[in-house]
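Student: Could we go through this structure together, asking at each step what a term rests on? I would like to see each value set against its definition.

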Amino acid sequence: MFNSYGSTTKPSAGNSGSQVSKPNTGNQGQETQPSQPAYSKNYVKLPAGYLEAVKNANCEKTSVPDSLIIKGTEENIFHSESKADDDMKINSERLTPAQELEINDFALRLINNVRLQNNQSPWYYTQESQHVANRVAYLYEQDGKGLSTWHDDKALNQVDSEFGIHTAELMGGDNVNYKEDYLHTMTDLKHAVYNDVVGMLFSTVELRHAQIMLTYNSIDHPETTYFGFSVSWQERNKDGHQEHSDHFIAY
């Protein structure tokens, strides 16, 4: 289970998303102008030694040194990428086609960059892979399943049967303590996806999800692995709260 807080936070000074203050004009009585964020693209950096440690690890229970896990978590902090993202209102359960393309492009940028660091071929997004991911989310909702109940094998097996594929699912989401949807903007959703990816790569519990992200290639066509991202919701999970689950589907 991976915690993923979707609310936007202002980046701290000193990183690529730091806030830049306007220089003092010398008028001490003048009200200070609000700082402007320095937008840039997000990536995930793998600490030196991490890949070698993962290759030698028991992925069912992490045996990567805690120092590398902590470093990976501390060095990879999300920052807003654009004012357009900040201003773009979304319904994460019903994204528009343009919004689906935007968030999948973001997720693949993160995933394919770490795969490149591991000398692995990229995953690819298509309209069909989006349809597969959306179908997964729909069946999760029909079954009343999500992050708090973990993978819905029934839904995944049904999707495999319907599309004639073999899916691998990585799943993230919030920490199931929220009573209301907090994914209001594209920045919020990108923040959630970023934290999902970082949480899966740098887990203190297991590294199976990291292994899939770093090394998985399609069983059906290893030369071209397709990918789609979707979000499912439960109005009331087992704890009585709303719950969003993020589905990263590769096949």
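Student: To begin with, which residue in strand 6 is the bridge partner of Ala-168?

Tutor: In this model, which is predicted, the partner of Ala-168 in strand 6 is Ala-250.

Student: What makes strand 4 and strand 6 a pair?

Tutor: Two strands count as paired if there are at least two bridges between them, and strand 4 is joined to strand 6 (residues 243-250) by six bridges, the two running antiparallel. Strand 6 also pairs with strand 5 in the antiparallel sense, over eight bridges, and here Ser-230 has His-247 as its bridge partner.

Student: Which strands are called edge strands, and what is the order of the sheet?

Tutor: The sheet is open and has four strands in the order 3-5-6-4, with mixed pairing. Strand 3 and strand 4 are the edge strands, since each of them pairs on one side only. Neighbouring strands of this sheet are turned against each other by 35° on average, with direction ignored.

Student: How many residues of strand 6 are buried, and which way do they point?

Tutor: Eight of the eight residues of strand 6 are buried, and the strand is described as mostly covered; the cut-off for buried is under 20% relative accessible area. Glu-243, Ser-245, His-247 and Ile-249 point one way, while His-244, Asp-246, Phe-248 and Ala-250 point the other way. In a regular strand the side chains alternate between the two faces of the sheet.

Student: Why is Asp-66 called exposed?

Tutor: Exposed requires over 50% relative accessible area, and Asp-66, with a relative accessibility of 55%, therefore counts as exposed.

Student: Turning to the helices, why is helix 4 called roughly parallel to helix 7?

Tutor: The axes of helix 4 and helix 7 come within 10 Å and cross at roughly 25°. Angles under 35 degrees count as roughly parallel, and so helix 4 is roughly parallel to helix 7. The crossing is right-handed, and the residues that meet include Phe-106 and Leu-110 in helix 4 and Val-193 and Val-197 in helix 7. By class, this contact has 12 nonpolar, one polar and two charged residues.

Student: How do you know that helix 4 and helix 8 are roughly perpendicular?

Tutor: Helix 4 and helix 8 pack at an angle of about 80°, with their axes 8 Å apart. Since angles of 65 to 115 degrees count as roughly perpendicular, the two helices are therefore roughly perpendicular to each other. Ile-111, Val-114 and Arg-115 of helix 4 make the contact with Ile-212, Met-213, Leu-214 and Thr-215 of helix 8, and these residues divide into five nonpolar, one polar and one charged.

Student: Which residues of helix 8 are buried, and what do they pack against?

Tutor: In helix 8 (residues 208-215), the buried residues are His-209, Ala-210, Ile-212, Met-213 and Leu-214. They pack against helix 1, helix 4, strand 3, strand 4 and helix 7.

Student: Where do helix 8 and helix 5 lie on the sheet?

Tutor: Helix 8 lies across strand 3 and strand 4, running at about 120° to strand 4. Helix 5 (residues 127-143) lies across strand 3, strand 4, strand 5 and strand 6, and runs at about 30° to strand 5.

How values were computed. Residues numbered from 1 in each chain as written. Predicted model: local features only at pLDDT ≥ 70, side-chain atom pairs only at ≥ 80, totals over all residues. Heavy atoms only, no water. Buried < 20%, exposed > 50% of the residue type's maximum accessible area, 1.4 Å probe, protein only. Contact = heavy atoms within 4.5 Å. Axes fitted to C-alpha atoms, helices over the stretch in contact; angles between N-to-C directions. Parallel < 35°, antiparallel > 145°, perpendicular 65-115°, else oblique. Left-handed = near helix turned anticlockwise from the far one by under 90°. Nonpolar A, V, L, I, M, F, W, Y, C, P; charged D, E, K, R; others polar.
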